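Dear colleague,

I am handing over the structure below, and I would be grateful if you could look through it alongside the notes that follow.

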Amino acid sequence: MARRVEELHFPHMEIPVTISHVGLVMPSGTVPTPADHTLYLSNLDDMIGSRVFTPTVYFYPSSLAPSSDQKPVMQILRNALASVLIPYYPFSGRIRETRNGKLEVFFGQEQGALMVEAHSEMTLASLGDLTVPNPAWLPLVYSSPNEEPYRLIDMPLLIAQVTFFSCGGFSLGLRLCHCLCDGFGAMQFIRAWAATAKAGTLVTNPMPCWDREFFKPRNPPIIKYPHIEFMRIDDGSSLTTSLWQKKPIQKCYRISPEFQAQVKALAQPAHCNCNFTCTTFDAMAAHVWMSWVKALDVQPLNYNLRLTFSVNARKKLQNPPLKEGFYGNVVCVACATSSVSNLVNGRLSDTARLVREARLSISEEYLKSTLDYVEVNRPRRLEFGGKLTITQWTRFSIYESADFGWGRPVYAGTIDLTLTPQVCVFLPEGGSDSTGTMVVCICLPESATNKFTKHLSTILDSSHENSG
């Protein structure tokens with residue numbers, strides 16, 4: 001068993017939080033849209049997987065806070081948000097449905113981003129290890145009373161909660177509407193907000209660009225691919241049942257760069273003169289997928305499962321290229337398929353090859369086909385049948401982007417995956433220096449956690465020993 005995978009633990013607790021103020025933040029200057037104007041959302045913005053809020057939390061200990069006086073923090077963040085909402089004015093709008101369930105952004109009275117001030121008698125130290133995502137942190141991200149799950153219509157598109165702790169430290173809990181931005185777009189917005197707070201004056205580099213009409217579907221639509229990533233599948237395996245019959249628990253693991261390198265080396269094909277070379281993501285995604293399926297003891301062995309993950313398509317767009325500053329969704333969903341038997345008994349290199357092929361299949365034409373597919377076959381619900389979805393946050397400069405003038409947060413990232421237990425997240429490790437360490441967060445039934453830990457921590461040299 002390799003010693004470079006560390007199982008992480010977090011305390012189960014309740015965090016009492018008192019909300020002291022809830023208020024709307026409007027752009028502090030003139031925005032380029034009248035009150036009755038609407039904005040088009042592309043079919044990448046409007047995909048069913050984008051119709052969610054992405055909750056994140058950022059922790060700033062008392063050593064980073066400006067003083068024991070809490071008002072400056074709120075004032076700085078609120079004033080900077082009001083400034084940055086001028087160029088990023090769509091975040092002050094709302095979303096509504098139009099024909100055939102299509103969404104659009106509209107502007108009216110009593111809108112704006114929502115900012116919440118909260119307090120807790122606890123200290124940050126009492127929350128335990130702040131580098132390990134903990135579902136108990138959910139009270140640090142604001143949800144309105146009796147809010148319906150997945151509600152999007154008429155909701156504020158940016159919700160920020162600042163929670164002050166008795167030690168003088170604070171957290172910033174964010175909910176950003178995924179329809180307005182993908183991960184890279186969210187980093188661009190947060191970086192502008194943070195730079196504006198730090199400078200005391202509006203800073204936007206690059207200048208944000210809306211331009212969602214760039215991704216209008218073709219007329220007539222041309223769907224060139226089967227798009228199995230969206231296909232509704234009634235799971236004929238035991239996977240979904242085993243995950244949902246009891247509430248799964250969230251498990252987190254710290255993966256060292258050395259272990260990642262080992263996995264990558266063993267995921268390369270043996271005795272092959274081809275040009276196939278897998279990336280660290282290809283290798284780690286394959287390793288996690290195989291470990292997860294083994295731990296869940298999925299049956300029957302001849303059933304085909306799916307692995308989906310988002311691919312940033314910005315660099316694929318050449319004719320014409322995307323404008324600088326575009327912060328909308330430019331991701332396609334890649335999908336690899338494999339039988340349970342191959343995932344349990346097969347070679348790591350073979351599964352890594354499937355991941356790589358799925359990743360490389362995303363092209364400019366695939367993106368256009370996706371736009372047309374969603375226009376014709378607009379999915380109405382999230383599909384999890386026989387599927388694991390991996391979200392790669394290690395690509396994002398989430399720590400560097402969130403320096404509002406008080407230094408980098410000690411943690412920046414996701415909170416609770418148990419509401420969507422077939423989603424796995426690869427997070428970058430925090431800290432002052434980026435070492436390449438990865439934190440893997442995944443959900444499992446409690447009965448499967450020990451098996452998963454064992455499989456994740458063990459690299460079988462199957463790609464080599466089975467070929468000899």
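This is a predicted model, in which local features need pLDDT of at least 70 and side-chain atom pairs count only at pLDDT 80 or more, while totals for chains, interfaces and linings use all residues. Residues are numbered from 1 along each chain as its sequence is written, and side-chain values use heavy atoms, with hydrogens and water left out.

β4 runs antiparallel to strand β9 (residues 170-177), to which 8 bridges join it, two strands being paired if DSSP finds at least two bridges between them. Within this pairing, P55 stands opposite R175. β4 also pairs in the antiparallel sense with strand β14 (residues 411-413) over 3 bridges, and there Y58 has A412 as its bridge partner.

Turning to the aromatic rings, the whole structure holds 25 aromatic pairs (rings of Phe, Tyr and Trp, the last by its six-membered ring, with centres within 6.5 Å; planes under 30 degrees apart count as stacked, over 60 as edge-to-face and the rest as tilted). One of them is the tilted pair of Y89 and F107, at 5.7 Å centre to centre with 40° between the planes. Because Y89 lies in the loop between α1 (71-84) and β5 (94-97) and F107 in the loop between β6 (103-106) and β7 (113-120), the pair ties together parts that are 18 residues apart in sequence. Both Y89 and F107 are buried.

With regards

Conventions: Helix = DSSP H or I, 4+ residues; strand = E, 2+ residues; numbered from the N terminus. Buried < 20%, exposed > 50% of the residue type's maximum accessible area, 1.4 Å probe, protein only.
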